[in-house]
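Here are my notes on this model, written as numbered points. Have the structure open while you go through them.

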Amino acid sequence: MVDRMGPLRTAMGRFVERSNGGLVSHGAVVFDAADLGVSEIPLGMLDGAPTVDARNVSLVTPGAADGKVEIKIAMREGLDDSMVLVPGDAIDVDEIAPLGDAYVLDLRDVLPAQSWIPLTGDGGAATAGRDWLAREGDVNVEELELAVEKIERARSVVVPTGPRRFEEIFGAEPSVFSARPVEDGETFEPADVLVVMPGDNVTSNWPADAPEQPADVDFRSALPRPAPMGGVSFGVAVLSTPNAKVSGNSANPLSYVDTDDLLRRDAVQNLLKEAGFGEGTAFTVEVGPERVSPQDGPSTATLLGNEADIESYVGILGGDAEGWGVGLHVVRGDGEDHVIVVGLHRHPIGPVDGAIDVLRESDTIVEARKLVAETAGQLSDE
Amino acid sequence: MGRNSNGQGDPFVRRRSFLAALSVGTVAALAGCEGITNQSFEASPVGLSTDAQERLQLREVSQDTLSFSESAADGNVSVSVTSHTAVYSRAAALGGL
């Protein structure tokens, strides 16, 4: 019995799953609109068609080419394939009045939680405001704190759906997310809402008197960040292999080669494909794998009763999987056998210079290390 | 934990190319050791219980056994290594792919 929970419980999670041809594991990234060469975006689906500075707009862009099982990154030609997020108080109006079909949802029914570790009890997970919202160009802590504050204030999410029905966008009836339709004439205090809308609702309502839509939105030179989707792309491979020795000589190189070498072995590469790189995909690690040692999060794990280091790597894939950023987190322990645990996750960053830097600094590395540590601690050889 | 046996043993079948990394040089070196004819080694499977998978929101998507054997050219030495693997997925546990 599988529970539909976590990111797939949320409207954004279902949007990503649907946009990825049913594969939520392909995940998504978040672009700041200002990084895409866009300066202003008119919101023609709101009364008065207010224009919002692109520095306040973020775009959630799912990863895969629509309907493709292969892990090819979708062509990103315009705004249509993204979900557009704008904090209400970045919109210069006294009140927000959606035109056309729109829905109101609770924030927690829209954005997945940050944490990759499942929470117990009835405590709600903190929503990762700073990763979902635009960082307004030059990132500084004060602005990030402000963004988090904004989203926590935004207890409601207004979703103008535009030319498509709610079900087409999110793959489920509004009632699944406790969404209610916006009533005729209903308005919202800007500071109390986050406006989330499909990109095609923005482009199809582009006012005639606004500056022309950008012919090309430059997704290829902008650096996105992994969308905090609760680890939907996370997989774990576990390999137990004997510490085989004959006359004192090790006869099983997997048990003694260093981790850099281990990750290049066919044995491990085959497992990584199963765990999330994509079976049947011809990939190479184009950039890296590069060792990273984040300051935050656990540095060790308990594996079958023994403490072991967590070794983390980031890389950018090439070949059929060009442009996917990956994180690998390895825990190795020795008893009579040698046990190797590799957690991996991948993100559709794109073949962009500096992509590995995005991963190196990403909170996803810390979250993944936490989950690998938790996983290693619960492994058993019984 | 893992098991080790000497003797004729079963002829292990190479189910994947994976342990091809086993050093031919190592086996060749063993060929000169008297009294070592057939040695097989097998690890114990390691994995997550069903309860642990639920707690972690992970679901097993595959489990496999990987075996490899090599013999020296004169056939006097054979080393067999059997490993176990398990793969878990977050998306599968969430009800997705």
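Before the points, one cut-off: a residue counts as buried when its relative accessible area is under 20%, as exposed when over 50%, and as partly exposed in between. Glu311(A) has a relative accessible area of 16%, so Glu311(A) goes down as buried. Bear in mind throughout that this is a predicted model.

1. Glu311(A) has a salt-bridge partner: its side chain meets that of Arg291(A), at 3.7 Å from N to O. Arg291(A) sits in strand β14 and Glu311(A) in strand β16, both of chain A, so this pair links parts that are 20 residues apart in sequence.

2. While you're at strand β14 (residues 283-292) of chain A, look at Pro289(A), which lies in it.

3. Leu304(A) isn't a glycine, yet has a positive phi of about 50°. You'll find Leu304(A) in the loop between β15 (300-303) and β16 (306-319) of chain A, partly exposed at 30%. In chain B, Gln57(B) also has a positive phi, near 55°; its place is the loop between α2 (50-56) and β4 (59-71). Gln57(B) is buried, with a relative accessible area of 12%.

4. How many salt bridges turn up over all chains? The search of the whole structure finds 14. One of them sits within helix α1 (residues 11-19) of chain A, where Arg14(A) and Glu17(A) are 3 residues apart, about one turn of the helix. Their side chains meet at 3.5 Å, N to O, and both residues are buried.

5. Another salt bridge joins Arg164(A) to Asp200(A), with the closest N and O atoms 2.8 Å apart. Arg164(A) is in the loop between β7 (156-160) and α4 (166-170), and Asp200(A) is in helix α5 (residues 199-204), so the pair ties together parts of chain A that are 36 residues apart in sequence. Arg164(A) is partly exposed at 26%, whereas Asp200(A) is buried at 14%.

6. Last, the surface: Asp47(A), Asp92(A), Asp94(A), Glu95(A), Glu189(A) and Asp192(A) form a negative patch. Asp192(A) lies in the loop between β8 (180-181) and β9 (193-198) of chain A and is partly exposed, with a relative accessible area of 41%.

Definitions and conventions. Residues numbered from 1 in each chain as written. Chains lettered and ligands numbered in written order. Predicted model: local features only at pLDDT ≥ 70, side-chain atom pairs only at ≥ 80, totals over all residues. Heavy atoms only, no water. Helix = DSSP H or I, 4+ residues; strand = E, 2+ residues; numbered from the N terminus. Buried < 20%, exposed > 50% of the residue type's maximum accessible area, 1.4 Å probe, protein only. Patch = residues over 30% accessible without salt bridge, like charges linked within 9 Å, V, L, I, M, F, W, Y side chains within 5 Å. Areas by Shrake-Rupley, 256 points an atom, 1.4 Å probe, with all protein chains shown as cover. Salt bridge = Lys/Arg side-chain N within 4 Å of Asp/Glu carboxyl O. Lys, Arg positive; Asp, Glu negative; His and termini not counted. Charge placed at Lys NZ, Arg CZ, Asp CG, Glu CD.
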